[in-house]
Amino acid sequence: MPYRLALVSPSLVNAIEDGISKVAASQFEPQWTAGGKKTDPWLVIKYIPTKYCRDFRPNIIPAGGPSPRLRISDSPGFTWGTGNYVVPLAYPVSTAIYGRAGVVATLDQNQTRRWRIFDARLPANQNLYVQWSIAQPAFRWLTLTCHANLANQFLRNAFREAFRIDCVVFHPDQRNAYYTKTNDDWMCISDWNRYNRLARGSSAVLQTPRLAILVSEEFTPIGADVRRRTMIGPLSAMPTNAALASAIRNAATSGTIVELTA
Amino acid sequence: MIVDLLLAADLIDAVANPSRTIEEHEAGAARLATLAIHGVGTELLAPEDAKTTDIDLLSGHVCRWALNEAKQTSDRELKSHLPQQEFLQGLFFSETDRIGRLLLTEAIVTHPDTEQKFEQFAEIRNPVPLEQLPNVWPRDYLLSLSSAEESEGTSHSERDVAELGMILLQIATPAALTLLGGTVMALSHRRREEHPLVQFLRTFVVGQDEGLARRLGLRSEPDRFA
């Protein structure tokens, strides 16, 4: 089934396509292989609330049985629409503010090398997205509505479907002084259904998800702010990202769990 | 009665209601993942047996969420079907905000049931009359609006056609554009050029995307190279 139409001029379509074609998946390889060798699996982390992490414990998943799957997030509050919000292993605790249980998943390297990536960290690409959204026929409705989150989610999903974007890379839009740095890279990863629309339900892109790290911290929003406050710590200096990535990779490989008490 | 959805309404509200926080959405999503691991097929919650009397039992967010759940990843077999058109029509009328109507229409025309039925029209180059399109909502609603306009010329139906036409254009999937092309065809020839939908479409499409203009029946001259 064809993709959604972009509904903008050919010149803008070409500029956006050009922006996508300039980003090769290989440039993120060091982030996905962090804590390991170049030939090691490409790993990402998604943090979930601890009360739902039990089924991802490596010693509970039956050997040879069906693997649990992570659920695709459909929260209107997330910046880039429907998808799985993960971080490459290079930023091992950056999204712990959303849940203390870190589930590590593997990316299929053959598939991922073919990803169409939109690098939303770049101002030039941000401008292209803004131009595209302003040119949409219903832009006035989408801007004037009181349902701003829903309008934003609609636009982001439509953009990603029109340009068949497998992954959006962006800097965090929520903060924590110890865990989430402004220059970390977050990723919104797309799953597709057979009709080339963004899929819901269980993710097929994030493979063999396993619980690999538990963070001994609680986070809470500071009012309606984008910041998340740590409720317990910090209790000690945070290990470096490189050291944590290595520990988490080893845990994911060996079926153990890292406990972080920083 | 959509028993499963009612039983799950509180759970689903946590993932579907935009006024919940990101943490609540993520906790709801993690809980659904856990249910799936234990064999609960959440895609079966689609309200295919819903009746119009059920509309006020659930929020619009929950209904849209349930419709969107059918968009499973490609390795999952499609199991859910669209609800009856009466229910969808009632749901559309119950949406008081046009963004709500846009999102509901999107959930319906990108539902795998609809996509499957419109697959044969994916590559068409010219509009097809509404009567010849698959009987999926909002086809009959568009037909009734067009015929009401033909006989009465009411500004009410003119406005409704213009809004739904704009919604279909914004969705821009093959099914949505095929329905839009059929709608343009259904408008009275005599008044078509004055209709606000046609005027908007001419401004928006013609000169920018000739393929789309032809697909919507907006080309004023026949394509010599077709």
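A residue is buried if 20 or more other C-beta atoms lie within 10 Å of its own, exposed if 12 or fewer, and partly exposed in between, with C-beta atoms placed from the backbone. This is a predicted model, in which local features need pLDDT of at least 70, side-chain atom pairs count only at pLDDT 80 or more, and totals for chains, interfaces and linings use all residues. Residues are numbered from 1 along each chain as its sequence is written, while chains are lettered from A and ligands numbered from 1 in the order in which they are written.

Q: Which residue of β6(A) is the bridge partner of Asn84(A)?
A: Strands pair if DSSP finds at least two bridges between them. β2(A) and β6(A) (residues 186-189) pair in the antiparallel sense over 3 bridges. Within β6(A), the partner of Asn84(A) is Ile189(A).

Q: Over how many bridges do β1(A) and β3(A) pair?
A: β1(A) also runs antiparallel to β2(A), joined by 2 bridges, and Ile45(A) stands opposite Val87(A) there. Towards β3(A), Tyr47(A) stands opposite Gly102(A). Strand β1 (42-48) and strand β3 (101-107) of chain A are antiparallel, and their bridges number 7.

Q: Which strands stand at the edges of the sheet in chain A?
A: The open sheet has 8 strands in the order β4-β5-β6-β2-β1-β3-β7-β10, with mixed pairing. Each edge strand has a single partner, so one side of each is left without a neighbour in the sheet; these strands are β4 (117-119) and β10 (258-260) of chain A.

Q: Which element gives the most to the side of chain B that touches chain A?
A: Residues are in contact if their C-beta atoms, placed from the backbone, lie within 7 Å, and 45 residues of chain B are in contact with 46 residues of chain A. α3 (22-37), α6 (98-109), α7 (112-118) and α9 (155-171) of chain B each supply at least two residues. With 13 residues, the element that gives the most is α3(B).

Q: Which elements are included in what covers the buried residues of α2(B)?
A: In helix α2 (residues 9-16) of chain B, the buried residues are Ile12(B), Val15(B) and Ala16(B). Their cover includes, from chain B, α3 and α4 (60-68).

Note on methods. Contact = placed C-beta atoms within 7 Å. Helix = DSSP H or I, 4+ residues; strand = E, 2+ residues; numbered from the N terminus.
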